[in-house]
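Q: Please walk me through how to read the features of this structure, one at a time.

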Amino acid sequence: MDRSYKDLLKLRRFPHTWCPGCGIGAVLKNVAMAVKELGWSDKNTVAVSGIGCSGRMSGYMNLDAVHTPHGRVLTSAETIKTIRPDLNVIVLSGDGDLTSIGGNHLLHTSRRNPDITVFCNDNEIYGLTGGQAGPTTPRGTKTITSPRGEPYSPLRLGHLLTQQAPYFYARTTVYHLNHFKKCIHEALVWKGFSFVDIVSDCIELNGRRLGFKTAHQMFKWFDERFHIVEGERDHLGENELGIARAVEEEVVPPAEKVEEKPEIPMASLKPFTLEELHRFDGTGGKPIYIAYKGKVYDLSSSPLFQGEKRMRCHIAGKDLTKDIDVAPHGEDLVFKFPAVGRLV
Amino acid sequence: MKRLVSGNEAIFQGAVRAGASYFAGYPISPTSEILQQAALYSEENPEFRFLQAEDEIAAAIATISASLAGAKSFSATSGPGFSLMQEALGWGHVVEAPCVFVNSMRVGPSTGMPTQPAQSDLLQIKAGSAGDYYPIAFYPNSVRECFQLTAIAFNAAEESLSPTILLADAFLSHLYEIVDLEDTATEVVPRSKESLGRGQRLFTGTVHDKMGNVKTNDPEIYRRWLWELKDRHDRAAEKYPLFEYLPRKGSETLLIAFGITSRVISSLKDRFSIFRPIRIYPVLEKELNEVTRSYRHIIVVEGSDGQYASWVECAICRKVMRVPCLGGGFKLRWIQSQIEECLRGTTK
């Protein structure tokens, strides 16, 4: 077995801080293996992580690593990619960090679609602080802050992150190893924002309360709960493991509506004098005419003039050429109406 | 070329002069114009990047991350946004990210009186984030100074390896003056920190030793880290003991004012001596002690309920009198009457 991925780990800092049986070790190892396979090194890769057990992952990577305040990991990663597009930016963090306190940043960073890869160690609990319910905790789960069972439905990340193309959302577990490796690799090579939701176990602070004796029992539980779906998918169902991705929808700019009105030659229009025009002021069922730049327009169909001799300061039956200077609209409003004559 | 420039534009141009290549911000009066300037400038200069973030939290984190990634970066906001940025400000001190935060103050707390000017975020620059830290803060009082001090703030940031703060107020942000920015000389300190992708360092907000190893149970490491931080900041701040002192012969009263209040009371310089601190934090202890020694009465005129006055009292170990200009009221006549009242009180 190729053990060269160990170059990417700070082995001098081992043993690490995580509990025996925790899934984070598997995440760290497999990400390191995938990064090594792609030939990335400390010269072109940066690891960014947030707070929590999984936030410690970046500190064990032999890379330049940034350990951000709680929840701010995505903003930080996006900015690093903006300033240094030559760097590969990987985010190693947890579900509480990314989806709860960092929920706003998750929405907006995914919308801006920077080329970063996010590995979310989704253990459905706040582990480091002792096992409080989080936004990904399944409904009904008993935790130390939901002693009668979590009352709310969990956040559906699969729905949230696939609502708008382009997207890359993969769900896998630390138990389904080959699928897990495949998801990591696909996410790393995806151009754009890619999110791998890795369902992981927290045996000490979640599993035991749920009645599991060992981490292995939790893995078996993942096997019962989830099943792998093959092939290209747009979306993933509730308990499906797989990759849902979509490339950018082609943006078709809305075609500009250009209504061409046939130009009526001046000479063919009926001549009006100002006195004649003055009679068409809408009174007694007569049409409403106004003059503009030498032409006479029929404004009878205007909803603003309806049944009135005037609309604000515009008086029917007058030459309104000078009114346009003080009007809040342009002359295109006049041209919408049919020309019926010319002013002589 | 002389032209009409606003305080906000001068701040932006000062940052560009200092070599800034990243701006992150969120719209807030009275600094939205800086965000707008950044957007326009980045259109024409693709090497200048900007982000209109989803909130000030993200804007501040982006500013510090950009600094770690190798860009000179800055952000601008007002009091309520600055409150959201406090988390990142603390982080910036621990990960040693040089950058600049502009806080153009308005009446608070909370939304307060948008957008009336105030000077009430002085404690927030020093104590808004958790723990001990020692930011360097400057406060200009003219458009030209906005330009110069922004550049100086960038230099102080590089020297102290931390975020520095440029204070302003809503008056100053929207103050238009005729200045020649191209002709204004500034010194530029080059980038002091190696950018990311050069090794195996860990930039963490957790207390760590020199190697970047997280050490969370050793008070000795923490003490050593904090004293080093303080020492670095003191050395950087010492280079910029900026103040303006207008002595008035025969005056027994010294007025202390900064920012827009110093402009308002400048016409009182024929009656009183005036001292204007430009470096707001660390407090100019030595200078204040020297200047205040020869005065019987010291009156601090400021746009808050004695935030700077309490620092002055600590620095010179003496009681001072206060004229707090609250709620955006900076009328000279009112200030004058308050000063008279203070002085009457002492002769009784």
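Q: How many helices and strands does the secondary structure of chain B come to?
A: Helices (H or I, at least four residues) and strands (E, at least two) are DSSP runs, numbered from the N terminus. Chain B has 12 helices and 16 strands. This is a predicted model, in which local features need pLDDT of at least 70 and side-chain atom pairs count only at pLDDT 80 or more, while totals for chains, interfaces and linings use all residues. Residues are numbered from 1 along each chain as its sequence is written, and chains are lettered from A and ligands numbered from 1 in the order in which they are written.

Q: What radius of gyration does chain B have?
A: The radius is taken over C-alpha atoms, and the globule rule is 2.2 Å times the number of residues to the power 0.38. For 348 residues a compact globule would have a value near 20 Å, and chain B agrees, with 20 Å. Along the principal axes, its C-alpha atoms fill a box of roughly 70 × 50 × 35 Å.

Q: At what angle do the axes of helix α1 and helix α2 of chain B cross?
A: Axes are lines fitted to C-alpha atoms, for helices over the stretch in contact, and angles run from 0 to 180 degrees between N-to-C directions. The axes of α1 (residues 7–17) and α2 (residues 32–44) of chain B cross at roughly 45° and come within 9 Å.

Q: How is chain A divided into domains?
A: Domain bounds come from an automatic or database domain assignment. In chain A, domain 1 is 4–246 and domain 2 is 266–343. The C-alpha centres of these two domains of chain A lie 68 Å apart.
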